[in-house]
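Subject: Structure handover

Hello,

Here is the structure for you to look through. My notes are below it.

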Amino acid sequence: MYNKSDINFIAIDFETATSRHASICEVGICVVRNGEVAETRSWLVRPEDNYYQYWNIKVHGIRPQDTENAPDFRQVWEEIERTYLDEFDTFVAHNVSFDRSCLLRSAELYRIHLPELNWMCSLQTARKIYSFTCNSLDYLCRQLDIPMGKHHRAGDDAEMCARLYLRELEDF
């Protein structure tokens, strides 16, 4: 068993406007302090040139008109860094390779220096401890009775990921 007071992380999720990982159009975070969900936030983000591909819109429903007046990724990341990164250095994502790549590619595009971060993957953990035929975030949340928001919206997915990871820690 783990000590809840030692469990502190940010679950993070990105939605992209195109197949390019640097085309972030929404960022969601869920802050977990002392093993409890403390806060969930999301930001619409104006991707470079505010350009979207049809299939990405089909997945998340975010359109160019939704982000035309939104901050760019640099502005959103500065707020996340200023508000949370003194306290947290661990990020959790469902399919961490995608979300970490989004962050790295966007940091390159906007010339942002990223701090050293520890990454954990709720997808990899699920594959190790459960024997479900599917390991998508929404499927796992349904199977484990984890409250769900709107799948493929960054704030809701970040909170679903956080709650899933907390459950995985209990079940491990």
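Predicted model: local features only at pLDDT ≥ 70, side-chain atom pairs only at ≥ 80, totals over all residues.

The largest pocket holds about 250 Å³ of space. Its lining consists of 17 residues, and Asp13, His94, Asn95, Leu137 and His152 are the ones nearest the centre. Two or more lining residues come from each of β1 (9-16), α4 (96-110) and α7 (154-171). The biggest contribution is that of β1, with four residues. Sorted by class, the lining has seven nonpolar, six polar and four charged residues.

Salt bridges. There are 10 in the whole structure. One of them pairs Glu26 with Arg153, with the closest N and O atoms 2.9 Å apart. This pair joins distant parts of the chain: Glu26 is in strand β2 (residues 24-33) and Arg153 is in the loop between α6 (137-143) and α7, 127 residues apart. Glu26 is buried, at 4% relative accessible area, whereas Arg153 is partly exposed, at 24%.

Two others lie within helices. In α4, Arg105 and Glu108 are three residues apart, which is about one helical turn, and their closest N and O atoms are 2.8 Å apart. Glu108 is exposed, with a relative accessible area of 51%. In α7, Glu159 and Arg163 are four residues apart, and their salt bridge has a closest N and O distance of 3.0 Å.

Asp72 sits in the loop between α2 (64-67) and α3 (73-84). Asp72 is buried but has no salt bridge; Arg46, the nearest side chain of opposite charge, is 4.4 Å away. A polar atom of the Asp72 side chain lies 3.1 Å from the backbone nitrogen of Arg74.

Regards

Note on methods: Residues numbered from 1 in each chain as written. Heavy atoms only, no water. 1 Å grid on protein atoms, 1.4 Å probe; cavity = no way out; pocket = protein on both sides within 12 Å on 5 of 7 lines; lining within 4 Å. Points joined across faces, edges and corners; volume = space filled by probe spheres on them. Nonpolar A, V, L, I, M, F, W, Y, C, P; charged D, E, K, R; others polar. Buried < 20%, exposed > 50% of the residue type's maximum accessible area, 1.4 Å probe, protein only. Lys, Arg positive; Asp, Glu negative; His and termini not counted. Salt bridge = Lys/Arg side-chain N within 4 Å of Asp/Glu carboxyl O. Polar contact = N/O pair within 3.5 Å; in protein donor to acceptor, adjacent residues only side chain to side chain.
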